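Q: Got a model open here and want to go through it piece by piece. Can you take some quick questions?

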Amino acid sequence: MMEDNKIYEELTLIQRRALWVYFVVCFLFVMLILSFWKIQVLDHKKYWALSESNRTREVIIPCRRGLVKDRNGKILAKSIASFSASIIRESCKDFEASCQNIARLLNLEKEVLQERIKKYKSFPLSYPIVVKDNLSFEEVSRIEAQKIELPELILQLEPKRFYPHDHLASHVLGYLQELSPQDIQSRQYPDRQLGDLIGRTGIEKQYDDFLEGIDGRVLEIVDSLGRRKGEITRKEPVQGKWLQLTLDFDIQKKAEDLLEGREGAIVVLEARSGEILALASYPTFDPNKFINRFTPEEWLNLIQSPEFPLENRALRGLYSPGSVFKLTMALAALDSRVINEETSFYCSGSTHIYGHPFGCWFKPGHGAMNLSSGIQNSCNIYFYQLGQRLGIEAIHQYASLLGFGIQTGVDLPGEKSGLVPNAEWKQRVKKEPWYPGETISVSIGQGPLLVTPLQIAVHTALIANRGVSVRPHILKAVQNELPARGNIPANPQTAGISTDIFEKVIKGMWRSVNDGGTGRGARVEGFDICGKTGSTQVVSTAKEKELLEMDQKLKTHSWFTGFGPKDDPQVVVTVLVEYGGTGGATAAPLARQLFNLCLKKND
Amino acid sequence: MIDRRQIQNIDWALVFYLLLNSILGVFIVYSGSHYLPGDYYLKQIIWIIISFLALVVFVSLDYKFLVTYSVYFYSLLIILLGWVLFFGKIVSGTKAWIKFPLFQVQPSELMKVGLILFLAYIFAEFRHPFLPWKKLWLSSISVLVPMILVSIQPDMGTALSYTPILLAAFILAGLNRKMVIIILVCVLLFGLAFWNLGLREYQKDRLTTLVFPGQDPLGAGYHIQQSKIAIGSGGFLGKGYRKGTQSQLRFLPARHTDFVFSVIGEELGFLGVLAALLSYFLLLSRLFLSVKESRDRAGVYLIFMVSVLVASQFFINILMVIGLFPIAGIPLPLLSYGGSSLLTTYLGVSLVLNVKMRRFANV
């Protein structure tokens, strides 16, 4: 505790010591002033010269994006060198005048130029801002010629993405786009900065982390003209990893050629592994046109085209499966023992169910049909009977079990799940009860039922494998190593349906192709192909309006899906051609050409 | 608490000098950081307000009360320093910060105030003309403990900034020749031990660069070189507010903190430097000369230690900026960006105000 018996203590001793220190402080201040005088006034010229010749600048060494190759090593996407023009604001003596001159030189609108520069407001003034990329040689030489007059404009060599085969597999590969300021602010891309290109769709997006390397950085010493005098630190770029896809170049090319001039999709899978050998969607586009940082009109046209060329119909096209769904119906009916393979129904060309007429596509009628002949001839009457006996809930259950209504899990972005309707769905979405007549439509693959071509292909593979499902995937390897756990297919599950049930359905599929059935257009000598056709009629206008309200456009289409050979499945082919007419007429012959190619490749 | 007559005795000039330097700091911080994301100058203004409020609180408490119970404040800070080693947020490679929802605090900065109060307590009843051994060891240990805790973070700069406080206490207490020699020997031994065992590579580099600046012009000496070029190229009038060529100091880790004075030199020239030095001199003079106005021993110690603290940090930072002291991460009080440093300085000055306004015994 403090003593309070003295009112004022005897403090002069310590106060004197304190004041001595104060004098020392004063002395130091004088010394400081003299030091600064020396540095700032006496040596001013020396430091000024040093400051002019001795500035630092950080330069980015761009990394190369990884290559994308097909399963045999053919290059599908690579990087080539291209020139871009950049402005360094720090070197502008008069910013307005510089913009004027540069806009004129590069043939840009001055406002456009300034818009581009404005995005980099918070960057240091020495940072080079790209204002035009993919310069032609002529533009490059014009800029070089003006180098002395315009030191603030520099040329930079950048790697540019190039797709040597134009539109081949463009939907699978995807394209790149510049990161927008909103993207940066959303903090989803912590390692990127403004001006970087990022994959937007397809493989470029799905595996962007592998493909994108890390830019290098150099801290350079430059003089006031921007000439390099030396380096302080250097960090080398880390190049992107190259990817090997499961695609087969020849099969992919054939598939795309077959679709030329049409709208549709083709999927070719390796039956046992789920590796995607071809994934084609038409109409298509040339991703090389998107490589510029700055949105070309062409891209805007593509976005707004009513044919949606940018949409990958194989994953995102929603269609009625039509008669192809009869395979699923057959499996469902056999497994729930509603019928056996000998159960027979009589097709007279039309019938009445619940008081409504339902017709078969073959007006004269097929006569007596059992399971395999029903599949072989794609008899509607036969399957109406199955539908009536199964009921929509059972159909919903089996369809969901066998892979419809959910994503296949393919490693490409944007896959749609399709729809398997039932009473609960209808009540929830349409606020109406399910009518038994709708079950009849669903049993031949019509009604609200929606699938994607990829789902059909995967379903076919499941049948080919006698009940073992596969997960379709497009990435084979990352730089010769198999990808991490997350990418290879999960443990294949079985549908819980016995293999001989599958055998019975497969028998019908074999007859469809090889025994004069609807799929005979796909027949290849010596290759036991098993398949199913599908063709849907045009829907009623009322229905079409309904679906438009749900934001889905129902298309008429020609389907074929099949696999071969029967006893040792190698390959699955699924073809969908919009407005193609009957499955047998259009889709099946296209499939035949693909099966032929696969057969030839195996020899 | 305060009563009216004490308010009359508040040294308003001191408050004015304090605020003057703080506002100067805001302008300079703005220039040094306006191109960085994050509005540092705004944060600085908020911290000035917070520190000022803390100052008002501290001034309302009688300093004798603070000194008497300083041991609790000191212990609390020791605990916080220990806490920060385990739970602290890592910023720029050191575990120095405790994060609260809206702001963060550096206990190592506040420890300076804690030490000042505690040392004042130790020496308060000290009547002998010279320092006895027991007090020497007690005070040394009470400084050594936080120093070690802080250097583990690792923050050598702040740890070393505790020594002027101790030295100030010793000077007042009086050292005889024998003690001076022993202290020098201890420091030497410590220094050698540290050099070989404790110092990391970059810290050793900083010291060698001091003596041989030309040896590694692109490495550790580069910052100092660039700082001098910046200051020197400013000339008599400077390049203009916010017109300092940023490329000079682009890579300097903290234009708005440690190297703030380089910005003043480059942008405001010799005249600006003179003005800043003058403004600071007014503050420091006021602080030192207040020693005469204390009526008890503890008060003298408090005022003197606060003055030495502010002065030593000031000189170290300026010397560092012109290359006469190794880079030590010591901020310039009031002018550098830094909430904790600002708070500490304000609390220190509040102690001086405190002593001065209660100097009349009948109040």
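Q: Asn107(A): buried or exposed?
A: Exposed, with a relative accessible area of 64%. Bear in mind that this is a predicted model.

Q: Where does Asn107(A) lie?
A: In the loop between α3 (95-106) and α4 of chain A.

Q: And what is the phi of Asn107(A)?
A: Near 65 degrees, a positive value in a residue that is not glycine. For context, most residues other than glycine have a negative phi.

Q: What about Arg337(A), what phi does that one have?
A: Positive, about 60 degrees, and Arg337(A) is not a glycine. Its place is the loop between α13 (325-335) and β13 (345-347) of chain A. Arg337(A) is exposed, at 73% relative accessible area.

Q: Cis peptides next. Which residue does a cis bond join to Pro283(A)?
A: Tyr282(A), with omega at about 0 degrees. Pro283(A) sits in the loop between β12 (276-282) and α11 (297-304) of chain A.

Q: And which residue does a cis bond join to Pro565(A)?
A: Gly564(A), and there omega is about -15 degrees. Pro565(A) is in the loop between β19 and β20 (571-578) of chain A.

Q: Staying with β19, where is His557(A)?
A: In that strand, which spans residues 557-564 of chain A.

Q: Why does His557(A) count as buried?
A: Because its relative accessibility is 1%, and the cut-off for buried is under 20%.

Q: What polar contact does the His557(A) side chain make with another side chain?
A: One with the side chain of Trp559(A), at 2.9 Å.

Q: Where is Pro237(A)?
A: In the loop between β9 (228-235) and β10 (243-245) of chain A. Pro237(A) counts as buried, at 18% relative accessibility.

Q: How many residues apart in sequence are Pro237(A) and Gly216(A)?
A: 21, yet their C-alpha atoms are 3.7 Å apart in space. Pro237(A) touches Gly216(A), and its other contacts beyond four places in sequence include Ile61(A), Pro62(A), Cys63(A) and Asp215(A).

Q: And what does Lys119(A) contact?
A: Glu178(A), Pro181(A) and Leu194(A), setting aside neighbours within four places in sequence. Lys119(A) and Leu194(A) are 75 residues apart in sequence, and 8.1 Å apart C-alpha to C-alpha. Lys119(A) is partly exposed, at 31% relative accessible area.

Q: On to chain B. How many helices and strands?
A: 16 helices and three strands. Chain B has 363 residues, of which 58% count as buried. Of its contacts with a separation of 6 or more, 74% are between residues 24 or more positions apart.

Q: At what angle do α15(B) and α16(B) cross?
A: Roughly 150 degrees, with the axes coming within 9 Å. That makes the two helices, α15(B) and α16(B), roughly antiparallel. Their crossing is left-handed.

Q: Which residues make that contact?
A: On α15(B), Gly299(B), Leu302(B), Ile303(B), Val306(B) and Val310(B). On α16(B), they include Thr345(B), Gly348(B), Val349(B) and Leu351(B). By class, the contact has eight nonpolar residues, three polar and no charged.

Q: And at what angle do α6(B) and α9(B) cross?
A: Roughly 20 degrees, and the axes come within 10 Å. So α6(B) is roughly parallel to α9(B). This crossing is right-handed.

Q: Which residues are in contact there?
A: Lys112(B), Ile116(B), Leu119(B) and Phe123(B) of α6(B) meet Ile165(B), Leu166(B), Ala169(B) and Ala173(B) of α9(B). Seven of these are nonpolar, none polar and one charged.

Q: Why is α9(B) described as largely enclosed?
A: Because eight of its 11 residues are buried. Among them are Pro164(B), Ala168(B), Phe170(B) and Leu172(B).

Q: What comes just after α9(B)?
A: Gly174(B), with a positive phi of about 95 degrees.

Technical notes. Residues are numbered from 1 along each chain as its sequence is written. Chains are lettered from A and ligands numbered from 1 in the order in which they are written. This is a predicted model: local features need pLDDT of at least 70, side-chain atom pairs count only at pLDDT 80 or more; totals for chains, interfaces and linings use all residues. Side-chain values use heavy atoms; hydrogens and water are left out. Helices (H or I, at least four residues) and strands (E, at least two) are DSSP runs, numbered from the N terminus. Buried means under 20% relative accessible area, exposed over 50%, partly exposed in between (1.4 Å probe, protein chains only). A polar contact is a pair of N or O atoms within 3.5 Å; within protein, one must be able to donate a hydrogen and the other to accept it, and residues adjacent in sequence count only if both atoms are side-chain atoms. Axes are lines fitted to C-alpha atoms, for helices over the stretch in contact, and angles run from 0 to 180 degrees between N-to-C directions. Angles under 35 degrees count as roughly parallel, over 145 as roughly antiparallel, 65 to 115 as roughly perpendicular and the rest as oblique. A crossing is left-handed if the near helix is turned anticlockwise from the far one by less than a right angle, and right-handed if clockwise. Contact means heavy atoms within 4.5 Å. Ala, Val, Leu, Ile, Met, Phe, Trp, Tyr, Cys and Pro count as nonpolar, Asp, Glu, Lys and Arg as charged, and the others, Gly among them, as polar.
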